[in-house]
Amino acid sequence: MAYQVLARKYRPQRFADVAGQDHVTVTLMNALTQQRIAHGYIFSGHRGIGKTTIARILAMALNCRNAIGTAERPTAEPCEVCESCTEIRAGNAVDVIEIDAATNRGIDEIRELRDAARYRPARDKYKIYILDEAHQITDAAFNALLKTLEEPPDHIVFMMATTQPEDIPQTVRSRCQHFSFHAVKLVDILGEIRGIAEREGVDADEAALALLAEAGDGSMRDALSIMDQAIASAPVQDGRPVLNASQIRELMGSVPNAVFEKILEAVDGNRSAEVITIANQLLDAGNSPAQLARQCVRYLRNCVIAKIANIGVDGAGTDGVAAELLQISADEQRRAARSAALFGEEELARFLQVMLRTFDELGYRQEQRFHFELGLLKLVHLRRLLPVEEVLSQFPSGSGGQTHPKAAVTAQPAARSVTSTSAAAVAPVVPVSTKPAFSPFEADKNKRRFDEPAGSAAPVVVSAPVRADTPAPTFVAPARGVDAAPVVDVQPSVVAVATELLGMGSTVTAVLEPEAAPVKIASEPLVSSSQSGEALQRAAVEALTNAKGQDSAADALDEAEWVIDGNEVRVQTGVSKTMLPMVVNPEAEKIVKAALREAGAGALKLVLLAGSAASTAAKKPRAAKSGSAQAKALEHPVVQQAQKLFQAEIRTVIDLRDND
């Protein structure tokens, strides 16, 4: 007899032999026992999981010559010994017609089938049609079959096997019983191929069998096909083929997952060079970038599942739900757990997303190697990212840009004075931060909690070191007519505790109790003199003049009107709203702000206002550049005397000196 591949040689012949489809086999056996036979069945699911096999077994059970409950057939399983069972198993039964719907998909073939269905079976009880790849039948052909499916003769049973049930019209599906097959689990495939290896006389270790089961990817036929190929290429010792994991991995063109474990360790250590070196070795060995990306995606998926299922690095926690989610061998489960322990769940999810996008791009990109290396580098870069919340929380506190009410009151001696008899010890002024508030988290820390009473805040102690011979401080009432809060008496107990905490040589000068409502202090401009605006203008224009390529901005701000309003410097220019961003570009604005900081006005906010040329004052002379001919001319005593005599302004200076 000619050689048969393992997938055909060990094809199940009984419902009990089918692995991983108990929900289908139990239902069909109960239907056979109760004689509840439907006229149409749809078997759908992954490739190589037993759809056509169960259709043949069901056909054998329907046409078996022996009745259920007899000695030859005690259960609903076919007897496998009668003529009908043997003919169906051999594939030459007259009343069981298998049709390849991929080639017989037209309306003419379906019309012939419909006409032949009217005749009774030649010998058996049922005439059974098995349509493989039924989703490829055209819509017109399905429409021609609708009436026969809805009201078929009593002797007709249709069985349709498909991998794409959604392509079958709903009108057809509603007339049949639909069974959805599951992918075969890893343990079921492993048990089957282990038994086949023993019957075939093949020596295979557990690592090799697990690799074959994983390569099947839920398909029993795929796993047996790879096993058949591996046995043919395996070395023979003492007349028995020997299978090992490295030989099977080389046959399939895959790499060990230990390589991806090293890559993730390098990613965790921020070692980009090592990641690229490993990728270069894999690609130079002849591995396809698409195949490597597919394996990397699978390994990252296993790491994500190991992280979610809380699998330990020693393999703890691999039972129960974890075993269902992670259909790999025990060694690979521990490997995935070790890699998952290096990262957080969010980081692994980002890694998986990046590699999935990389794998998708490799299908239509020209330089696949470059894109694969870029995808691995992205994993290293993602490791350097910080959450937005962590970045924002590192900015200054939300109360940094505001003056505390108590500190503001303490800083004004006219409103509330605390002096000593010798006037030698003065309480230090609390510095006020002018940094802006960026963090949205720190501002909530200053809010009173709902479970704290209104008066539960601790008193603020302000102290200053004084000499030992300094007399005790006394409290002086504020002058009449001064709007000040009453002076708070210092309790002896508070003074004693504060002195003990501050140490010897320090004396408490005031104890400020928290107030019920904050005192509003009118904000005063940081610079209020009438000449300060011109001084800031001169500084800004000089900085722009000294800068390269900022002459237009210098002219515009030199002709503008500078006014200090509160904590703002308002610059009214003669440039239109459209031209202002181009004349005073971001670089020029940066130079102006730097000049304001150098002039001691860094806390003022710069506000540029657009306007028209008519609204501005007459053009003023531009500040001379340091070291220029105009600056030297203005410093000459003759020029200064003439300027004073005639009350003139120098607008243009022409340098007629030779530049040789």
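Visitor: At what angle do helix 12 and helix 18 pack, and how far apart are their axes?

Guide: This is a predicted model, in which local features need pLDDT of at least 70 and side-chain atom pairs count only at pLDDT 80 or more, while totals for chains, interfaces and linings use all residues. Residues are numbered from 1 along each chain as its sequence is written, and side-chain values use heavy atoms, without hydrogens and water. Helix 12 (residues 257-268) and helix 18 pack at about 40 degrees with axes 8 Å apart. Helices (H or I, at least four residues) and strands (E, at least two) are DSSP runs numbered from the N terminus. Axes are lines fitted to C-alpha atoms, for helices over the stretch in contact, and angles run from 0 to 180 degrees between N-to-C directions.

Visitor: Why are helix 12 and helix 18 called oblique to each other?

Guide: Angles under 35 degrees count as roughly parallel, over 145 as roughly antiparallel, 65 to 115 as roughly perpendicular and the rest as oblique. The angle here is about 40 degrees, and helix 12 and helix 18 are therefore oblique.

Visitor: What makes helix 3 and helix 4 roughly antiparallel?

Guide: Their axes come within 9 Å and cross at roughly 160 degrees; helix 3 and helix 4 are therefore roughly antiparallel to each other.

Visitor: What joins R65 and D124?

Guide: Their side chains meet in a salt bridge at 3.9 Å, N to O. The term requires a side-chain nitrogen of Lys or Arg within 4 Å of a carboxyl oxygen of Asp or Glu. R65 lies in the loop between helix 3 (51-63) and helix 4 (83-90), and D124 in the loop between helix 5 (107-116) and strand 3 (127-132), so the pair links distant parts of the chain, 59 residues apart. The structure holds 26 salt bridges.

Visitor: How many bridges pair strand 7 with strand 8, and in which sense?

Guide: Strand 7 and strand 8 (residues 240-243) pair over two bridges in the antiparallel sense. Two strands pair if DSSP finds at least two bridges between them. V236 stands opposite P241 in strand 8.

Visitor: Why do strand 6 and strand 7 stand at the edges?

Guide: The open sheet has the order 6-8-7, with mixed pairing. Strand 6 (203-204) and strand 7 (236-237) each have a single partner strand, so one side of each is left without a neighbour in the sheet.

Visitor: Over how many bridges do strand 11 and strand 12 pair?

Guide: Strand 11 and strand 12 (residues 568-572) pair over five bridges, in the antiparallel sense. I564 stands opposite V569 in strand 12.
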